[in-house]
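Please open the structure in a viewer and keep the selection panel at hand. The stops below proceed from helix packing to the ligand site.

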Amino acid sequence: MQDLIIVGGGIGGASLAFHAARAGARVLVLEKDSEPGGCLCTARTDAGFWYELGAHTCYNSYGAFLELLEGCELMGELQPRAKPVLRFLDDGRVLPGKNLGLLASQFSKLELFASIPRWFGGSQEGQTVRSYYSRFVGAKNYERVLGPMLSAVPSQTADDFPADMLFKKRERRKDVLRSFTLKRGLQTAVERALARPGVTLRTNAAAKGVERSSRGFVVVLESGERLEAAKLALALPPQAAAKLLGGVAPEVAALAAQLKEAELDTLGFAVRAERVHVPTATFLIPLKDQFHSIVTRDVVPDPTWRGFAMHFRPGLAREARVRRACEVLGLSPSDLEAVRERRVRLPSPVLGHADTVRALDARLAKLPLALTGNWFGGLAIEDCVLRSRAEWQRLATLG
Ligand SMILES: Cc1cc2nc3c(=O)[nH]c(=O)nc-3n(C[C@H](O)[C@H](O)[C@H](O)COP(=O)(O)OP(=O)(O)OC[C@H]3O[C@@H](n4cnc5c(N)ncnc54)[C@H](O)[C@@H]3O)c2cc1C
């Protein structure tokens with residue numbers, strides 16, 4: 001029997017496994033997909049090229065994530081990223097200019113100047129992203145320009161997010177690159193954490209139910225197999241966690257079920273560099289389109305290939321996604337190589353989210369059950385690792 005079963009092999013689950021195994025626990029991680037990583041998903045081609053379908057950037061303010069990288073002996077794998085270049089797309093056309101200059105050029109100056117008196121004072125507390133940022137640029141500038149740009153950050157419409165959940169100020173580690181990825185992509189961090197001594201990973205192992213047993217918990221897989229451990233952790237999106245917990249922790253399940261989620265469909269591909277004519281960019285953000293953003297591999301340039309992950313709003317058929325990708329980048333479908341598609345569910349916090357999480361934590365406090373992932377302190381990798389570290393510390397004190 002294992003000491004701890006973790007359901008979900010994204011960075012939330014992997015970082016919890018890292019801390020538990022480091023403390024001597026025997027850990028089993030169950031992942032429904034054929035490989036671990038979740039939103040850390042690196043597509044690797046036979047030609048040695050890679051691009052990210054999910055998370056792409058880490059910062060030297062990610063102290064807990066850096067602790068994990070150090071523990072997994074990955075600090076030598078840190079890969080610098082070129083300076084970010086942001087470009088806007090208007091009806092699929094790349095607008096001239098980049099970064100702040102381009103952003104400023106898209107605003108109505110009249111509305112922007114009229115907003116100046118509102119620039120000073122006022123906190124983010126109790127404000128949505130829309131209400132907070134509209135103050136600075138005006139409602140119309142927000143809707144047309146700033147809103148789409150901010151929605152590219154969480155890859156979903158960010159208008160109703162609590163303003164204080166979008167960006168976080170954290171202490172920086174001066175001895176580490178300001179922003180980085182890993183030499184073979186960020187999924188490496190999950191792979192290495194789950195390959196540590198004491199951790200067993202099972203892929204293609206979807207959990208469909210959880211029961212209490214005299215010795216702890218039993219996780220029932222979709223295959224019908226039953227696995228037992230003294231402690232249990234769920235590192236899943238809130239709705240999936242709620243579904244599993246209904247029978248063992250109904251109050252926690254009911255609170256998790258209140259939290260909203262969004263679906264994201266990502267189309268990723270590599271293209272021979274000479275076939276692409278759009279200028280290099282880190283992010284291509286449409287002012288209005290079927291997708292939230294295109295994130296490229298241009299920050300780690302390659303002489304032969306360019307890589308793209310196009311993050312679509314839900315509801316489009318595959319052919320429509322491929323068609324739009326080709327229209328926007330001036331390609332034909334045969335140019336797209338190493339194509340990967342991915343659908344993920346993301347938390348979609350609204351005002352009151354933090355109160356729900358606090359209530360949920362109060363009910364978890366004495367249970368040998370941990371919940372982790374990107375729906376507690378925030379959506380970034382660092383938030384997941386911080387939560388996992390704290391949840392392991394809590395579980396460990398329960399004996
Ligand atoms: C497109 C995109 C770009 C991003 N960019 C950045 C970035 O640059 N920097 C940054 O810091 N953050 C970024 N983020 C956010 C960050 O990547 C995520 O918040 C984080 O990786 C989520 O990790 P998680 O472990 O909480 O959840 P997930 O990664 O969603 O992992 C959950 C895992 O559980 C598995 N699972 C689900 N149900 C079951 C089940 N029943 N049984 C077993 N397994 C199950 C899933 O397959 C998945 O692997 C980005 C996110 C996205 C989507």
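How near do the axes of helix H8 (residues 238-245) and helix H9 (residues 250-257) come, and at what angle do they cross? Select both helices: their axes come within 8 Å and cross at roughly 155°. Axes are lines fitted to C-alpha atoms, for helices over the stretch in contact, and angles run from 0 to 180 degrees between N-to-C directions. Helices (H or I, at least four residues) are DSSP runs, numbered from the N terminus.

This is a predicted model, in which local features need pLDDT of at least 70 and side-chain atom pairs count only at pLDDT 80 or more, while totals for chains, interfaces and linings use all residues. Residues are numbered from 1 along each chain as its sequence is written, and side-chain values use heavy atoms, with hydrogens and water left out.

H8 and H9 are therefore roughly antiparallel to each other (an angle over 145 degrees). Display Pro-238, Gln-239, Ala-242 and Leu-245 of H8, which meet Pro-250, Val-252, Ala-253, Ala-256 and Ala-257 of H9; contact means heavy atoms within 4.5 Å. These residues divide into 8 nonpolar, 1 polar and no charged, where Ala, Val, Leu, Ile, Met, Phe, Trp, Tyr, Cys and Pro count as nonpolar, Asp, Glu, Lys and Arg as charged, and the others, Gly among them, as polar.

Next, select helix H1 (residues 11-22) with helix H12 (residues 381-397), which pack at an angle of about 40° with their axes 8 Å apart. On the H1 side, the contact is made by Ile-11, Gly-12, Ser-15, Leu-16, His-19 and Ala-20; the H12 residues include Cys-384, Arg-389 and Trp-392.

Ile-11, Ser-15, Phe-18, His-19 and Arg-22 in H1 meet Phe-65, Glu-67, Leu-68 and Gly-71 in H2.

Finally, select the ligand. Of the 34 residues around the ligand (a heavy atom within 4 Å), Gly-12, Glu-31, Cys-39, Tyr-62 and Leu-379 come nearest. An N or O atom in the side chain of Glu-31 is 2.6 Å from an oxygen atom of the ligand. At Asn-374, a polar side-chain atom lies 2.9 Å from a ligand oxygen atom. At Lys-32, a backbone N or O atom lies 3.1 Å from a nitrogen atom of the ligand.

Conventions
Helix = DSSP H or I, 4+ residues; strand = E, 2+ residues; numbered from the N terminus. Polar contact = N/O pair within 3.5 Å; in protein donor to acceptor, adjacent residues only side chain to side chain. Parallel < 35°, antiparallel > 145°, perpendicular 65-115°, else oblique.
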